[in-house]
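I opened the model today to look up a few side chains and links. My notes follow, entry by entry.

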Amino acid sequence: MSIKHLFIAAALLLAGHSVAAAQSCEKNFKASGVPLVTPVFYKTWQEFPKLKPEAALQRMARGVAAEGFSGIEINKSLGTIEAYQDTAGSGRLQTLRVVARKRGSGTRVDAMFDIQVGQVTTKQVVQEGLCNIIRSAVE
């Protein structure tokens, strides 16, 4: 096998790995609770090899702001971001927590979003927003 073929094979392998990593946030997405009857909890996670938690945290804070959250608080010692949304203007807040923690030589990011009893949204909207925030760790 020539050097050119090795390079092409390596590039294809890396491209495939990037696609798999991009899909893992969606794959890991879970929701629990009964809309309108109980609070609904959404969560997902993704791991990023060779990414430092501090860098991920700073980038994700910008991702949280881009998704329309307010009251963004970063706790560097805990590796957390907390924020909220009041999309209905009712004063009943939906809360977000993002955690970046060291995992081997990389970082695991967890994102959790909660809505209160009587509030509704679609899983698709929440999944897209949470995964946008998580992916902002490397953008």
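**Entry 1: S136**

I looked up the contacts of S136 and found R59, M60 and G63, leaving out residues up to four places away in sequence; contact means heavy atoms within 4.5 Å. The model is predicted, so I kept its limits in mind: local features need pLDDT of at least 70, side-chain atom pairs count only at pLDDT 80 or more, and totals for chains, interfaces and linings use all residues. Residues are numbered from 1 along each chain as its sequence is written, and side-chain values use heavy atoms, with hydrogens and water left out.

S136 sits in the segment after α3 (123–135). Helices (H or I, at least four residues) and strands (E, at least two) are DSSP runs, numbered from the N terminus. I noted S136 as buried because its relative accessibility is 8%. The cut-offs are under 20% relative accessible area for buried, over 50% for exposed, and partly exposed in between (1.4 Å probe, protein chains only). The S136 side chain reaches the backbone oxygen of I133 at 2.5 Å.

How many disulfides does a search of the whole structure find? It finds one. The cut-off is a pair of cysteine sulfur atoms within 2.5 Å. C25 is joined to C131, with S to S at 2.1 Å. The pair links distant parts of the chain: C25 is in helix α1 (residues 3–27), C131 in helix α3, and they are 106 residues apart. The link of C25 and C131 is left-handed, with -95° about the S-S bond. C25 counts as buried because its relative accessibility is 0%. C131 is buried at 0% too.

I then checked Q46, in strand β2 (residues 40–48). Its side chain reaches the backbone nitrogen of C25 at 3.5 Å. Q46 is buried, at 2% relative accessibility.

**Entry 2: salt bridges**

I found five salt bridges in the structure. The rule is a side-chain nitrogen of Lys or Arg within 4 Å of a carboxyl oxygen of Asp or Glu.

R135 pairs with E26, the closest N and O atoms being 2.9 Å apart. R135 lies in helix α3 and E26 in helix α1, so this pair ties together parts 109 residues apart in sequence.

R97 and E82 meet at 2.5 Å, N to O. R97 is in strand β5 (residues 94–103) and E82 in strand β4 (residues 80–85).

D110 bridges to R101 at 3.0 Å between the closest N and O atoms. Shared partners join R101, R108 and D110 into one network of salt bridges. Is D110 buried or exposed? D110 is buried, at 11%, while R101 is partly exposed, at 39%.

Methods:
A polar contact is a pair of N or O atoms within 3.5 Å; within protein, one must be able to donate a hydrogen and the other to accept it, and residues adjacent in sequence count only if both atoms are side-chain atoms.
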